[in-house]
Amino acid sequence: MSGRVLNAPAPVATTPAAPGGHDLAGTGVLYRLALRRDRIALPVWVYVGTGMVASTVFSFRKLYGDEASRRTFAAGIDGNGSLRALYGPIFDGSTTGGLTAWRMGVFGAVLAGLMSTLLVVRHTRAEEEDGRLELIGAGAVGRRAPLTAALAAALTANAALAALVAAALLAAGQDAAGAAAFGLALGCTGLFFAALAAVTAQLAETGRAANGLAGAAIGAAFVLRAVGDSGAGTGWVGWLSPLGWSEQVRAFAGNRWWVLLLPLAGAALLTALARALVARRDLGAGLLPQRPGPAAAAPGLASAAALARRLQRGPLLGWTLALAVAGAVFGGVAKGVVDLIGDNRQMADVLARIGGRDGVLNAYLSSIATVFGMVTAVYAVQAVLRMRAEEVSGRAEPVLAGAVSRLRWAAGHLLFPLLGTALLLAAAGAAAGLAEGLALGGGTGGAVGRMLGATLVQLPAVWLTAAVALAGYGLLPRWAAAGWTGFGVFVLVSWLGPILQLPQGVLDLSPFSHLPHLPGGPVEAAPLLWITALTALTTAAALAGLRRRDLG
Amino acid sequence: MTTAISVSGLVKTFGRTRALDGLDLTVEQGEVHGFLGPNGSGKSTTIRVLLGLLRADSGTAALLGGDPWRDAVPLHRRLAYVPGDVTLWRNLSGGEAIDLLGRLRGGLDPARRAALLERFELDPTKKGRTYSKGNRQKVALVAAFSSDVDLLILDEPTSGLDPLMEEVFRECVVEARDRGATVLLSSHILSEVEALCDRVSIIRAGRTVETGTLADLRHLTRTSIDAELAGPPPRPDYVHDLAVDGHRLRCQVDTDRLGTLLTELNAVGVRTLASRPPTLEELFLRHYENGGGSEDGSGGGADDGNGGGSEGGPGGEPTAAVVR
């Protein structure tokens, strides 16, 4: 791959340490190790990203074949602050490439950021946490080699993503310079977040915390960009966000190449910071200080459920705060929706496909409620898979060697995907309703109630997503990570399906497609009931599997 | 009820690997039972079956009169388990982990907990992630020994402990036995097993190859003889590793032929005689290095170097163990 050319300190590995040069000894070997370990995951990330861009560009080409229809579509979108907040502005709607850059720009950049974060943390802090880096560090391996190798792997992955995305756009007959600019915008954003993750991997002591910090940064970047894009006068806020830079490259709309220097310079600075930090700390230690804990446990810490609460409460708190902030931001920009003139036929058509039916405001609120539902499903799957982490690490073994049945142990953890999800959706709904009510001046009480209904109605689908993950854990423990597959299918189908006009049979695969479109839409109890029933069945099967199978 | 653990014909396969292949194990109530075997021989798998974490493919297992799979919860109230590789929760202090593990099996004795923390020199305020391997092990040991349980299942519990702490561990095992507890001690440290265990089971490739008291096991094996004689030594054909140097004879003899050899030596005239019973290490090596056919001790060739080399090392302690 192209990354190998860009990064070639490999020969150092075998030469005896030369003063000044041995800092990077072994980088080449570690780089190849990283690519070898990720030989499946990385190509999947890259192909999924490329595939999403490709399917978007081809379906836009089919849906809006002539320039006039594209311009009408773009004009409708661009006048609407709330849609700009979700997807960003359309800089040039006259070409299919321009529309694709609008639709996939933010989403693709977030995808590249997540891929890069997980990649870098997996090969740095997670390795260190598991003690494998100690084994590697005892070899003729420089202090900065693991970090450099992880960043080199991230460079490779992002270069591949940029190249394939550009190739896909070219294949769809789009302008070559625009295709290159769009691919590079995604790749450079990914690289920025890779470098950011390299820094969080130095700060936090666990891979989970390092991923969490970097993930929070991606979320913050998304919110900043949303504020910047949502209306007039706030545009400068978007420039604070790396996701905003990715937009401002304006692929297919002038191709401002110099903007690419921003993420690259940011990545260089963050890399320098991470490299300085890694040499300053002990192996296995973070930079955040250690505090001693209590010498004895509080009386309440006396059951498997209490332990599960203790382990899961921190993440739940973080997620709740994040969703409340996101709810407030997206509720607050709802004002832009009412400014939109409703007589734009194509626009109304697209909006109807994205979400609800009765009125553009309701369609917007309903579509953000769906987004909150899907984000909550991420939390739910993660909370379920915490059980697997406990089992794989061996920590579940002494607990289950106590007088604790497996079901009781599982129940303690499952409280979180069951009720924690309700808390998250309530936080998002209440904050969104409050902000929307304040922004529109239509009274907050009714708005809060409406949005609470809209977010809480997502619960059955969120639960079913969690139950699918639980089934993976209970029945096919070796493939428990496949719990994410269910989530991935549901999200792809519900998120991209409508705009790609996928057949109804495919859309029906996702429980999110069957939910009432609230606020505004009619509420049918039947889908909610059967989704809940399916959840109960799946959960029962998963727990039966968990009771019968070998643990550890 | 006098049998704490009774396992027979236990089979457990993982895919194509046969981890347990008809394993038998009997542990009487109140004894300290050594559970020996090389890496991967099935010790931990057996223990996980006994804890109800794994379900055996065939064979029977009974624990304190119950079924380890079906009655896991009530049985676990009466036992404490220490894994060989303790992992702790990163954001829980050692003290919290001790209390939690104790309470999960029905509570622990606070006075004994405090005394054990003192004896093991463990700081309970540190967070799980900052403990060294030995200290993590101590957390699990303190939690186990603080509880009043009928059965202690210890899976290589002293890995990572320093010799002083190893000594504290031995005292704790003896105290637990004096309280009437049964102990199943899986270990690699043979001196530990020799010092503590009433009976020993040796397993290999998922099967039990020896079980009995140390004296029983010694009886099945060879004694080393080093004799200075008055005249030219005899060259009997039933001894092993015979070395003759002038009037000096060194060899190993199967324990049931010892009398015959001594009579023969006596006929020549004995000036000095040193005889040493086999160490557990020699027993162990014999079972592990000889491949399958170890029952009658016919393939002793590989033991030579080890038998000689171990003379200086564990030689002192086994003698003490024999007295015990």
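What share of the 552 residues of chain A count as buried? The share is 54%, where buried means under 20% relative accessible area with a 1.4 Å probe, protein chains only.

This is a predicted model, in which local features need pLDDT of at least 70, side-chain atom pairs count only at pLDDT 80 or more, and totals for chains, interfaces and linings use all residues. Residues are numbered from 1 along each chain as its sequence is written, chains are lettered from A in the order in which they are written, and side-chain values use heavy atoms, without hydrogens and water.

Chain A has 25 helices and zero strands, helices being DSSP runs of H or I with at least four residues and strands runs of E with at least two.

The contact between the chains (heavy atoms within 4.5 Å) is summarised below.

| Item | Value |
|---|---|
| Residues from chain A | 39 residues |
| Residues from chain B | 36 residues |
| Area buried between chain B and chain A | about 3,200 Å² |

Buried area is the accessible area (1.4 Å probe) lost on putting two parts together, summed over both. Leu53(B), Trp89(B) and Leu104(B) supply 21% of the area that chain B buries against chain A, more than any other three residues.

Four salt bridges cross the interface (a side-chain nitrogen of Lys or Arg within 4 Å of a carboxyl oxygen of Asp or Glu). Glu397(A) forms a salt bridge with Arg48(B), with the closest N and O atoms 2.5 Å apart. Helix 3 of chain B gives seven residues, the largest share of the side of chain B that touches chain A.

Conventions
Buried < 20%, exposed > 50% of the residue type's maximum accessible area, 1.4 Å probe, protein only.
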